[in-house]
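Trainee: Could you walk me through this one before I set anything up? I would like to go strand by strand and then look at the charged pairs.

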Amino acid sequence: MAGSVNKVILIGNVGADPEIRRTQDGRPIANLRIATSESWRDRNSGERREKTEWHTVVVFNEGLCKVVEQYVKKGAKLYIEGALQTRKWQDQNGNDRYSTEVVLQGFNSTLTMLDGRGEGGGAGGYGGGRGSSGGGDFGGGYADDYDRAPSTSSSGSGRGGQSSGGGGGFARDLDDDIPF
């Protein structure tokens, strides 16, 4: 095999408010749990069945951590792109334990809010990405449209969802006198 790919894409709901911690040098780290569900109809009984998987997501990207801290709450629907990482640690009894997590770090990570914010506004996209695939990055032509929810990129060129609906505020905070 010439190469390999470690990429995880999740669309799910946040199970609890994110936990934000800081490293010794002050950089933020966000931890959240995301639930993904699938449902089907049982062939024999005709009953509706559902299976939920819980995923641990760790965000090391500083820009995405700020977004998680400000906007992501329990119940929010998120689109996540990251990589799987397994880490080894020891429990209180000294036994080796392993945790597999979806890690968002560097430029290969994306976090997009898919549902409205608390006041019924639209969704915002936050990417760490590899070039814009249209709309969603800062400076995407929304400077005069204050009715859109925040949509930004941690690298300035990420992919993010466009928003629809009201709730602005964030765009107003970033409006300045730079002539471009």
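Mentor: What follows is a talk through a predicted model, starting with how the strands pair.

Trainee: Okay, which way do β1 and β3 run relative to each other, parallel or antiparallel?

Mentor: Strand β1, residues 8-14, pairs with strand β3, residues 28-41, in the antiparallel sense, and 2 bridges hold that pairing. Within it, V14 has I34 of β3 as its bridge partner.

Trainee: And what joins β2 to β3?

Mentor: Strand β2, residues 19-22, is joined to β3 by 4 bridges, and these two strands also run antiparallel. I20 is bridged to A30 in β3. The hairpin that β2 and β3 form has 5 residues between the strands, and there G26 takes a positive phi near 95°.

Trainee: How many bridges are there between β3 and β4?

Mentor: There are 12 bridges between β3 and strand β4, residues 48-59, again in the antiparallel sense.

Trainee: Now the helix: which residues of α1 are buried?

Mentor: In α1, which spans residues 62-71, the buried residues are L64, C65, V67, V68 and Y71. Looking down the axis of α1, those buried residues fall within an arc of 160°, so they line one face of the helix.

Trainee: Why does that kind of spacing put residues on one side?

Mentor: An α-helix has 3.6 residues a turn, so residues three or four places apart point the same way.

Trainee: What caps the N-terminal end of α1?

Mentor: N61 does, with a side-chain oxygen 3.0 Å from the backbone nitrogen of G63.

Trainee: On to charges, how many salt bridges does the count come to?

Mentor: The count comes to 8 salt bridges. Among them, R21 pairs with E19, with 3.7 Å between the closest N and O atoms. R21 counts as partly exposed because its relative accessibility is 41%, and E19 is partly exposed too, at 43%.

Trainee: What about D42 and R49?

Mentor: Their side chains meet in a salt bridge at 3.5 Å, N to O, and R49 is partly exposed at 35% relative accessibility.

Trainee: And which residue does the side chain of E101 meet in a salt bridge?

Mentor: E101 meets R87, at 3.0 Å from N to O. This pair links distant parts of the chain, with E101 in strand β6 and R87 in strand β5, 14 residues apart.

Trainee: Why is E101 called buried?

Mentor: E101 has a relative accessible area of 9%, and buried means under 20%, so E101 falls in that class. R87, by contrast, is partly exposed, with a relative accessible area of 41%.

Trainee: What else does E101 touch?

Mentor: Leaving out residues up to four places away in sequence, E101 touches T56, V58, A83, L84 and Q85, as well as R87.

Methods: Residues numbered from 1 in each chain as written. Predicted model: local features only at pLDDT ≥ 70, side-chain atom pairs only at ≥ 80, totals over all residues. Heavy atoms only, no water. Buried < 20%, exposed > 50% of the residue type's maximum accessible area, 1.4 Å probe, protein only. Arc of directions from axis to C-beta. Polar contact = N/O pair within 3.5 Å; in protein donor to acceptor, adjacent residues only side chain to side chain. Contact = heavy atoms within 4.5 Å. Salt bridge = Lys/Arg side-chain N within 4 Å of Asp/Glu carboxyl O. Pairing = 2+ DSSP bridges.
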